[in-house]
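Trainee: Could you take me through the contacts of one chain with its neighbours, slowly and in order? I would like a close look at that part alone.

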There are 4 protein chains.
Amino acid sequence: MFSTDQKSEIDAARADWAQTRRTVVPAVEEALYEPQPVLGTGFVRLVDYMGGDEAIVQGARVSYGRGTRSTSDDRGLIRYLMRHRHTSPFELAVAKFHVRAPIFVTRQWFRHRTASINEYSARYSVLEKEFYFPRPEDIAHQSASNKQGRGDSLPPDAAQHVLDLLREDATRCYDHYLEMLNQDEEGNVVDPDRPVVARELARMTLPVNVMTQFYWQLNLWNLLHFLRLRADAHAQYEIRAYADTILNLVERWVPLTYEAFRDYMQEAALLSGPALRALRDVLAGREVDLQASGLSKREVTDLIGLLPEIAPRLGR
Amino acid sequence: MFSTDQKSEIDAARADWAQTRRTVVPAVEEALYEPQPVLGTGFVRLVDYMGGDEAIVQGARVSYGRGTRSTSDDRGLIRYLMRHRHTSPFELAVAKFHVRAPIFVTRQWFRHRTASINEYSARYSVLEKEFYFPRPEDIAHQSASNKQGRGDSLPPDAAQHVLDLLREDATRCYDHYLEMLNQDEEGNVVDPDRPVVARELARMTLPVNVMTQFYWQLNLWNLLHFLRLRADAHAQYEIRAYADTILNLVERWVPLTYEAFRDYMQEAALLSGPALRALRDVLAGREVDLQASGLSKREVTDLIGLLPEIAPRLGR
Amino acid sequence: MFSTDQKSEIDAARADWAQTRRTVVPAVEEALYEPQPVLGTGFVRLVDYMGGDEAIVQGARVSYGRGTRSTSDDRGLIRYLMRHRHTSPFELAVAKFHVRAPIFVTRQWFRHRTASINEYSARYSVLEKEFYFPRPEDIAHQSASNKQGRGDSLPPDAAQHVLDLLREDATRCYDHYLEMLNQDEEGNVVDPDRPVVARELARMTLPVNVMTQFYWQLNLWNLLHFLRLRADAHAQYEIRAYADTILNLVERWVPLTYEAFRDYMQEAALLSGPALRALRDVLAGREVDLQASGLSKREVTDLIGLLPEIAPRLGR
Amino acid sequence: MFSTDQKSEIDAARADWAQTRRTVVPAVEEALYEPQPVLGTGFVRLVDYMGGDEAIVQGARVSYGRGTRSTSDDRGLIRYLMRHRHTSPFELAVAKFHVRAPIFVTRQWFRHRTASINEYSARYSVLEKEFYFPRPEDIAHQSASNKQGRGDSLPPDAAQHVLDLLREDATRCYDHYLEMLNQDEEGNVVDPDRPVVARELARMTLPVNVMTQFYWQLNLWNLLHFLRLRADAHAQYEIRAYADTILNLVERWVPLTYEAFRDYMQEAALLSGPALRALRDVLAGREVDLQASGLSKREVTDLIGLLPEIAPRLGR
């Protein structure tokens, strides 16, 4: 996955310690620069960070002047800020990652516009022969219930056939890519008498499961927003694998914020006006008239998914 | 390029006129909804707009109170705003486009983060069998001087060979895509006993020259910024083709702003501190010591590119 | 509130109709350009809009390809998009307002960064003698329970005293402002032998209840986000007055979106992971151990505020 | 300017060193947390940073793959990136400041929307009795040539009169503020039988030269953009004083970037298409027909301001 050069660069960076007056989070220093493998040959590396739980509290207290300092501890304040979506203090912490991921994953990823991105350029450089191929158990049927999801895994031989097609396409397209570039896998010219097609043109034949790389930096609030959407069962499995890895790094970096995120964002649910009114009826022992409630069938199903114990209390 | 249904939808939209109190720009109403072909099967359609030159002037004058109304006409004010990069008034006009473009073009396009985008989802829907294939004369050598550009066209037979490779890959990958989806080109199930692989998985074998579609909306200032970068010789030819088409629509929509854009952004050049000092020396008839000037070789070349008449006046 | 000139400009704009192919919303054309009074001498005017419920649906369907058109009607789709926070289609509608408001209100207002703003410049122009003075019944005690809110109204004579102080300060400061500018209220020079202090300096003596004006433009999603925070009981009364006025215009413009906003944003509530678990216990008839629930006292209070019927079911 | 408590908090922060694997810039560690006075009682403190020149280069090289590492050194690469406005790598460095400034300055400051801000809340807390009063020599006439600028200083006695007015207004308004809050300057209740007006109401009588505080965080590119506009002769003197102080911190933090900023942004000038054509005529010894050149009078004046040596070569 990494060349010897890359490995020694990472080791050198990890071996290099210096003194700073800034907030330091030892648990995350431990992980710094270390690649966390994702989807086989993909990875996420945390390459820099600024701030931590403590800095969030400090930032928040610019607007919590005289007299508040004693009354609320850091954990309480962070939970309060999260609960009430006071986002500014969380924006004051920043993280920077180095990521290798398939192009189709980055296309979902970069729809989050509030980040700074520097991507490896296929106009400037030759893309490596690295592709994403799912594990057989991750190759699944189109979901019957969810128009944009996947259902059960395919039988092993059908999964193997899909893998064969993916590998065949990747191999042949990459061969053609090199042929247009007139170079071999080591980057040597194959035939000095043949033309070298522009990289920006040749790359157009590569499939979207080819790997690309990028630096990605954003503030903690935007990162949590990304994680809520992407470390979620509705997200495509492949981007979720990255999000889960990042979430694990976030837990080491800002443990109090992570805990508040879990309670108030990840495990929380939004109940609509009509759903709240139905719930009040149930709690008061009143009969719920679903027809008149304003709840669609889908919303009733979702409500039962969230609060299974309510099912027998809902009329027809 | 369009189905009969799509054509009649476009015709119906164009036939539907209504009364409004808002700013109306007749020249752009003429073009509304009409697809402008780009790169063969790609297109750009302007599907909505808000404001115009007149609205920019009105917006600007909130901050140009009593007494200014008489002294500057619209054209002068727009040129003044553009020259001094007073961007807020230009932000008050908005345009919305519907675009069909290859994925590798959208990857450059969506790096512009200050726009609203709604893209056709390959998780939800099946991508059409539409690919971008360059015209033979657009297939070119890697540039020798510019690491991320293309040089001269390939000889015809070499270009044809590249096209053959591109077509072969596109065809084979799309066939495999349909095979995984277990459907034919009309969307019929091929074999009811075979599994349908999830669309979000099957699409990963498609090359980046497959066509996608999206709605794209942004304010005029961000649009001009996009056009300055993408309707430019340094941009890849393929995205430039889209930018040129959009620029033509902008000219019809906001002719005064377009003219100011051309003079003060597109044809303008930034001269560095060292370049300005060298230029003053030349104008004063003083000898220019390039060594001491702080200009790199590349900058000297660029300066001569910009002002060819300066070449004989620069010493060595 | 308006000069004769301003009134005739507004009337002229309202009298000017033209033909367009764009989406037109008659109910909002009716209100276009018309000032809606807020806080006495403040106002909100809708001065332009783009799109409507119909355009949101069209935009969404770029990513809802073949076959979906028949299955969901516009209302259902808009409610689905809102419920699942699919924000992109709502970003495709845009509104532009002209607002007059006190500076302290604009300071809260402009914290919303995703809008385009063009404000009247107090460096370039002289600010009018317009201030916000609360109605006596809006002058209230500092809230005992809410560190950043207000409680009950003051007794009439105490309120009158506050108003006297506010009026005295506004009058004296504005007099000094004009004195520094060496002009009278009509803009005439008072004493040609005295200096005119720079406007950018003189204005620094004006209190933050002086009125300013600005153009404000943003997409519908960002507008709804603003309204959820500012047309809310936690917002300061003064900005809420503006938000309520804007909400009323939104209802006329995009009635289906408005209704979905009300049900899924304004009247909805986020229940935390711990709150959902406590609720499941209650619904199942299990005893709730508040100590072990992870809910703080404040959260319990909030939960009871939301679902009063739950109170007797929560143990101690 | 600072209480004893605040001073010891700053000292404690500065005394606290720890080990990190991240990029450390010793010159800026030296300045960390230390308040830099601005406008008398205002200040800027750098309270955190991420990255440095080295990290910018690293970030850029994700997209500058194999083979580039040897050919360009850090300085050259940074200058290249700046010259060509490749902004992404500069976005990968971040700085966080703590600022105390008058409200009228923050109103200009916060128009820059691409930053994270946490401001001291006057709803939640009582504002301190700190105002900005210009030095006598900074009190100036309205500029005759520039509608939004200031000209020469006022004569000493006229300046003194302005200062007297400003001090009188600030003092009286602040007295009324405390009177409404029913507290003295130490925060003690004055009369337990009188009401305490809500802070969010009482503050509306304070003039815009009262001091506020905020945390301000943004990436280096957005910071440089801010500095180009605000550390500039066209900016109001008061915000320029802050920008100059920040620029000095930037020079210590990222010296190579600072130098490139100076050459390619601060001292650079944009020449329009018509100006470039006139310049080519002059360099070629051709006569310039100003009428036909497309240059307005104002542009000719600006061009001469930039290149004084051109004046005798321009015809009439």
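Mentor: Start with the contact between chain B and chain A, which takes 58 residues from chain B and 59 residues from chain A. Keep in mind that this is a predicted model. The area buried between chain B and chain A is about 5200 Å², and carbon and sulfur atoms give 54% of that area. Three residues of chain B stand out here: B:Arg107, B:Arg123 and B:Met204 supply 14% of the area that chain B buries against chain A, more than any other three residues.

Next come the charged pairs. Six salt bridges are found across the interface of chain B and chain A. Polar contacts between chain B and chain A amount to 38 residue pairs, counting pairs in which both residues have pLDDT 80 or more.

Now find the elements on the side of chain B that touches chain A. At least two residues each are supplied by helix 6 (103-109), strand 5 (116-119), strand 6 (140-142), helix 7 (156-181), helix 8 (199-202) and helix 10 (237-253) of chain B. Helix 7 of chain B gives the largest share of this side, 12 residues. Sorted by class, the side of chain B that touches chain A holds 27 nonpolar, 15 polar and 16 charged residues.

How are the two copies placed?

Turn now to the contact of chain D with chain A. Here 53 residues of chain D are in contact with 53 residues of chain A. The area buried between chain D and chain A is about 4900 Å², with 48% of it given by carbon and sulfur atoms. There are two salt bridges between chain D and chain A. D:Glu29 forms a salt bridge with A:Arg22, with the closest N and O atoms 3.5 Å apart. The polar contacts between chain D and chain A come to 23 residue pairs, both residues being at pLDDT 80 or more. On the side of chain D that touches chain A, strand 8 (residues 211-219) of chain D gives the most, with five residues. By class, that side of chain D has 22 nonpolar, 17 polar and 14 charged residues.

Strands also pair between these chains. Strand 1 (residues 18-20) of chain A and strand 1 (residues 18-20) of chain D run antiparallel and are joined by three bridges. In one of the pairings, A:Ala18 has D:Thr20 as its bridge partner.

Chain D, too, can be laid on chain A by a turn of 180° and a shift of 0.0 Å along the axis, with an RMSD of 0.0 Å. In chain D the C-alpha nearest the axis belongs to D:Gln19, 2.4 Å from it. Since 100% of the interface residues of chain D are also interface residues in chain A, the copies meet through the same surface.

Conventions: Residues numbered from 1 in each chain as written. Chains lettered and ligands numbered in written order. Predicted model: local features only at pLDDT ≥ 70, side-chain atom pairs only at ≥ 80, totals over all residues. Heavy atoms only, no water. Contact = heavy atoms within 4.5 Å. Buried area = accessible area lost by both parts, 1.4 Å probe. Salt bridge = Lys/Arg side-chain N within 4 Å of Asp/Glu carboxyl O. Polar contact = N/O pair within 3.5 Å; in protein donor to acceptor, adjacent residues only side chain to side chain. Helix = DSSP H or I, 4+ residues; strand = E, 2+ residues; numbered from the N terminus. Nonpolar A, V, L, I, M, F, W, Y, C, P; charged D, E, K, R; others polar. Pairing = 2+ DSSP bridges. Least-squares fit on C-alpha atoms with pLDDT ≥ 70 in both.
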